[in-house]
Amino acid sequence: MTDTNPTDSERERAFVGYGTHRPKLDDKGRLTIPARFRPGLADGVVVCGWFTNTLSVFPESEFDALVRKVRPTANLSERHMAFFRLLVSGAEVQQLDSQGRVSIPASQRNYAGLGKDCVVNGLGERLEVWDAEAWDRYSAENLPVFSEMEGTSLGIEF
């Protein structure tokens with residue numbers, strides 16, 4: 001039987017975009033996705049918990065590819081299994097509504113500490129959602145590291 005799922009090298013990654021935006025979470029827990037990011041999310045999204053108490057919004061195809069990569073590692077250790085279970089069980093599959101919004105369930109809002117003011121960062125193939133105060137702290141703490149980094153320390157040339 002042949003695997004019909006393309007690998008990352010065989011398919012183009014879905015492009016969502018770059019940049020930082022500051023939308024507000026409405027009273028029903030809906031987050032408006034900035035218009036510039038919507039085309040890459042038109043075929044469905046997955047909202048899930050992510051590192052550093054943030055949320056990620058993936059195009060559904062990108063999340064499916066991530067699950068295919070992580071699933072084989074789940075049996076390596078209990079930590080790997082815990083990561084896989086929490087990633088997949090906490091994921092919410094959705095479509096953007098007519099106003100470009102996604103619903104953020106209370107459990108995800110609690111995990112990410114989201115208040116009304118949010119930050120949405122475009123990270124190429126996915127979005128990252130932060131509470132605005134948490135992002136401002138993180139950004140301020142890490143700006144000196146960014147300023148001190150050189151391309152060669154990252155293994156790239158500019």
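1. A contact here means heavy atoms within 4.5 Å. Among contacts in the protein chain between residues at least 6 apart in sequence, 62% join residues at least 24 apart.

2. This is a predicted model, in which local features need pLDDT of at least 70 and side-chain atom pairs count only at pLDDT 80 or more, while totals for chains, interfaces and linings use all residues. Residues are numbered from 1 along each chain as its sequence is written, and side-chain values use heavy atoms, with hydrogens and water left out.

3. The protein chain holds four helices and eight strands, where helices (H or I, at least four residues) and strands (E, at least two) are DSSP runs numbered from the N terminus. Read from the N terminus, the order of elements is β-β-β-β-α-α-β-β-α-β-β-α.

4. Of the 158 residues, 38% count as buried, that is, under 20% relative accessible area, with exposed meaning over 50% and partly exposed in between (1.4 Å probe, protein chains only). The chain exposes about 9900 Å² by the Shrake-Rupley method with a 1.4 Å probe, and carbon and sulfur atoms supply 53% of that area.

5. Helix α2 (residues 78-89) has 12 residues and should span 16 Å at 1.5 Å a residue, which agrees with the 16 Å between its end C-alpha atoms; the expected span is 1.5 Å times one less than the number of residues.

6. Which residues of α2 are buried? They are Met81, Phe84 and Leu87, and because they cover an arc of only 135° around the axis, they lie on the same side of α2; the arc is taken from the directions from the helix axis to the C-beta atoms. Their cover includes β3 (45-50) and α1 (60-70), whereas Glu78, Arg79, Leu86 and Ser89 are exposed on the other side of α2.
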